[in-house]
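Please keep the sequence and the coordinates at hand while reading.

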Amino acid sequence: MIPNTPSFRLDGKRALVTGASRGIGLGCAAALAQAGAHVVMAARGMSELQAATDEMAAQGLSVEAVQLDVTDLEAVREVLKTPVDVVCNSAGMARHGPAIDARPEDFDAVSAINFKAAYFLAQEAAKGMQNGGSIIQISSQMGHVGGMERAVYCGTKHAVEGMTKAMAIEWGPRNIRVNTICPTFIRTPLTEATFEDPAKRAWIEEKIKLPRVAEIEDIMGAVVFLATDASAMVTGTSILVDGGWTAG
Ligand SMILES: NC(=O)c1ccc[n+]([C@@H]2O[C@H](COP(=O)([O-])OP(=O)(O)OC[C@H]3O[C@@H](n4cnc5c(N)ncnc54)[C@H](OP(=O)(O)O)[C@@H]3O)[C@@H](O)[C@H]2O)c1
């Protein structure tokens, strides 16, 4: 008997993508919709989000827009009243600066979205996953290494890596898989300032071993892999899409 490759399709599945109005989240939403899922796309700003879902719907993709602040745990609960098979959490933020200067309010703001909201979104999604499911956190290579002027951000992403492993242990028996995707630097509104600083751009280009910086498309295969049966035995781990950054 010749083995068959498990499916990379998501037909009949429902997915929630947060931070879906732009950047990595928009790429993840497009990837999941192109793989056949119905994708609920969430962000705070409705005009940008609606423009994205309109364009995708015009391409024949099955999507809907939902206004959601992921730090509003009651609102997260409301959105997840309709259970989903896949969650991809890409809502996130950064307030970079020297570690010595970070203020408690910066720490709280970044932690609230990158860590606390990520935790309770996963928890709420898992409650509804009666037939198993896949929870994907968009973490960062900074969840595996340190970086200049991003101690708080690195802390939140390391926290996401840790909670992902612990959730995978508890929810594995229910066939709920929990994983992260850890991108290197991708040019998005979040990283605009970093890319505009010549010294930081040189640092990025030196650390990435491949001869270019990453594009949003570089994340799309990883999210489809983790969402589908193609990764049915993969849980509690991360896919580093880092161009070799963490290799040394
Ligand atoms: N870009 C990179 O190089 C890079 C590298 C590694 C990891 N990451 C991670 O990837 C994720 C996405 O980054 P990105 O570069 O795509 O960022 P981005 O371009 O700034 O997009 C952020 C998205 O999240 C939404 N968002 C922000 N706060 C939200 C909230 N409280 N509730 C719901 N949605 C919210 C934004 O829409 P609204 O503002 O309208 O809500 C937007 O859709 C983040 O977790 C980031 O840490 C990025």
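A crossing of two helices is left-handed if the near helix is turned anticlockwise from the far one by less than a right angle, and right-handed if clockwise. By this convention α1 passes α8 in a right-handed crossing. Contact means heavy atoms within 4.5 Å, and on the α1 side it involves Ile24, Gly27, Cys28, Ala30, Ala31, Leu32 and Gln34, which meet Ile219, Met220, Val223, Val224 and Ala227 of α8. Sorted by class, these are 10 nonpolar, two polar and no charged residues; Ala, Val, Leu, Ile, Met, Phe, Trp, Tyr, Cys and Pro count as nonpolar, Asp, Glu, Lys and Arg as charged, and the others, Gly among them, as polar.

The model is predicted; local features need pLDDT of at least 70 and side-chain atom pairs pLDDT 80 or more, while totals for chains, interfaces and linings use all residues. Residues are numbered from 1 along each chain as its sequence is written, and side-chain values use heavy atoms, with hydrogens and water left out.

Helices (H or I, at least four residues) and strands (E, at least two) are DSSP runs, numbered from the N terminus. Helix α1 covers residues 23-34 and α8 residues 217-227; they pack at about 55°, their axes 9 Å apart. Axes are lines fitted to C-alpha atoms, for helices over the stretch in contact, and angles run from 0 to 180 degrees between N-to-C directions. Angles under 35 degrees count as roughly parallel, over 145 as roughly antiparallel, 65 to 115 as roughly perpendicular and the rest as oblique. The pair α1 and α8 is therefore oblique.

Next comes the sheet. Two strands pair if DSSP finds at least two bridges between them. Seven strands form an open sheet in the order β3-β2-β1-β4-β5-β6-β7, with parallel pairing. At its edges are β3 and β7 (237-241), each with a single partner strand, so one side of each has no neighbour in the sheet. From one strand to the next the twist averages 20°. Helix α5 (residues 151-171) packs on this sheet, touching β5 (133-138), β6 (176-183) and β7, and its direction makes about 160° with that of β6. Helix α8 also packs on the sheet, where it touches β4 (86-89), β5, β6 and β7; the angle between its direction and that of β6 is about 170°.

At one end of the order, β2 (residues 38-43) and β3 (residues 63-67) pair in the parallel sense over five bridges. Ala42 has Val66 of β3 as its bridge partner.
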